[in-house]
Amino acid sequence: GRLRFIAALHILSGAMPAKVIDIHTADGGCESYVATPAVAGPFPGVLFFMDGIGFRPVLHAMAERIAAAGFYVLLPNLFYRHRGEPLPAAAELLKPENRPKMMERVQSLTPELVVRDAGACLDFLAAQPEVRPGSKVGLTGYCMGGSMVVRTAAHYADRVAVAASFHGSRLVTDTPASPHLLLGRITAELYFGHADQDSGMTLEQIGILEKALQAAGIRYQSELFRGARHGFTMPDLPVYDEVACAKHWQRL
């Protein structure tokens, strides 16, 4: 299942124009992957927030699959400040001896940096001739990217139309910077696909998030993927769930 899924993505991606570029930010060049449809545009733009494992071929293939549906997709490597500091392969990264380094990088992305980087990415999308002029964008994010989706939709509400989070982590925390406290600023339609076996987003936290969504009065859907673990959409991880991942693509 996992290998067939990866192979199918790469077969599909062969028809999609794609390139790696650098986006200018206040902290230097942000390596980014751009995928576009194989037909003439312009297209709606999509900003794709990576998971904590980081920038890698599986995410590139996912970006290409979204592009095939008719979107200009931008996938930034938000660990660009750590260029030259390689990490082990995805499956190895989850081993106990490697997790501290991974979490150090994840935690280095403060809310302020996330919002700043998102602004640079949105500016880039708005400047591309292949992106539909003046149109709002869509967001999708995985793992840590889920909270980035919420922050971006809140801080750039006039630029985001729709936003999705899959196995998003730390969407509810006990800090003043918790993403769920920003929902009242959002005008986009939201989707949350939660894993029911996810210590980073417990059932209690999901309940708090849903109450906040209701209070914000925005259009949303919050769904529990039963039997799924954190990272279930990623075919290069041992937690990959073929059935749940297929459902995720339908929802997205």
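Predicted model: local features only at pLDDT ≥ 70, side-chain atom pairs only at ≥ 80, totals over all residues.
Who does Y220 touch? Leaving out residues up to four places away in sequence, the list is L190, E210, L213 and Q214. With Q214 there's also a polar contact, side chain to side chain, at 3.5 Å. And then there's F192: that residue is 28 residues from Y220 in sequence, yet the two C-alpha atoms are 7.9 Å apart in space.

Now let's follow one of those partners, L190. Setting aside neighbours within four places in sequence, L190 is in contact with A163, L183, L213, I218, R219, Y220 and Q221. L190 also belongs to the largest nonpolar core, which has 81 residues. Which members touch the most others there? They're F48, L139, I186 and L190. The most residues in this core, 7, come from helix α5, which covers residues 111-127. As a general point, nonpolar side chains in soluble globular proteins tend to be buried together.

Let's stay with α5 for a moment. Its buried residues are L113, V114, V115, D117, A118, G119, A120, C121, L122, F124 and L125. What about its length? α5 has 17 residues, so at 1.5 Å a residue it should span 24 Å. In the model, the end C-alpha atoms are 25 Å apart, which agrees.

Technical notes
Residues numbered from 1 in each chain as written. Heavy atoms only, no water. Core = buried A, V, L, I, M, F, W, Y, C linked by side-chain atoms within 4.5 Å. Buried < 20%, exposed > 50% of the residue type's maximum accessible area, 1.4 Å probe, protein only. Helix = DSSP H or I, 4+ residues; strand = E, 2+ residues; numbered from the N terminus. Contact = heavy atoms within 4.5 Å. Expected span 1.5 Å × (residues − 1). Polar contact = N/O pair within 3.5 Å; in protein donor to acceptor, adjacent residues only side chain to side chain.
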